[in-house]
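Welcome, and thanks for opening the viewer. Let's walk through this structure one selection at a time.

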Amino acid sequence: MGYFQQKNKFCVGETIEVMKPNGDNIKVKVKSLRDEDGNEVESCPHSKQMLYVDLGVELEEFDILRRREKV
């Protein structure tokens, strides 16, 4: 489970992309989200919210999470 500060809203169940510093991009599904107090949440609607996220993959320093906007 990774701990990070988010910028844009995303939700449990959504597919997002992990951008690695080496150029690899990995598509993953958000399995769970917890706020900084450890409470389960379904989404993260507040900019700069600190969260724990379970993506089923190990996150590393400098990874960037990106969601695709639906057009």
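## Salt bridges and a sheet

There are 4 salt bridges in the structure, a salt bridge being a side-chain nitrogen of Lys or Arg within 4 Å of a carboxyl oxygen of Asp or Glu. Before selecting anything, note that this is a predicted model, in which local features need pLDDT of at least 70, side-chain atom pairs count only at pLDDT 80 or more, and totals for chains, interfaces and linings use all residues. Residues are numbered from 1 along each chain as its sequence is written, and side-chain values use heavy atoms, with hydrogens and water left out.

Select E14 and R67: their side chains form a salt bridge at 2.6 Å, N to O. E14 sits in the loop between strand 1 and strand 2 (15–19), while R67 is in the segment after strand 7 (64–66), 53 residues apart. Strands (E, at least two residues) are DSSP runs, numbered from the N terminus. E14 is buried at 18% relative accessible area; buried means under 20%, exposed over 50%, and partly exposed in between (1.4 Å probe, protein chains only).

Next, pick E17 and R66, whose side chains meet in a salt bridge of 2.4 Å, N to O. E17 belongs to strand 2 and R66 to strand 7, so this pair ties together parts 49 residues apart in sequence.

Now show the open sheet: 4 strands in the order 1-6-4-5, with antiparallel pairing. Two strands pair if DSSP finds at least two bridges between them.

Finally, which residue in strand 5 does R34 stand opposite? Select E40. R34 also forms a salt bridge with E40, their closest N and O atoms being 3.3 Å apart. E40 is exposed, at 57%.
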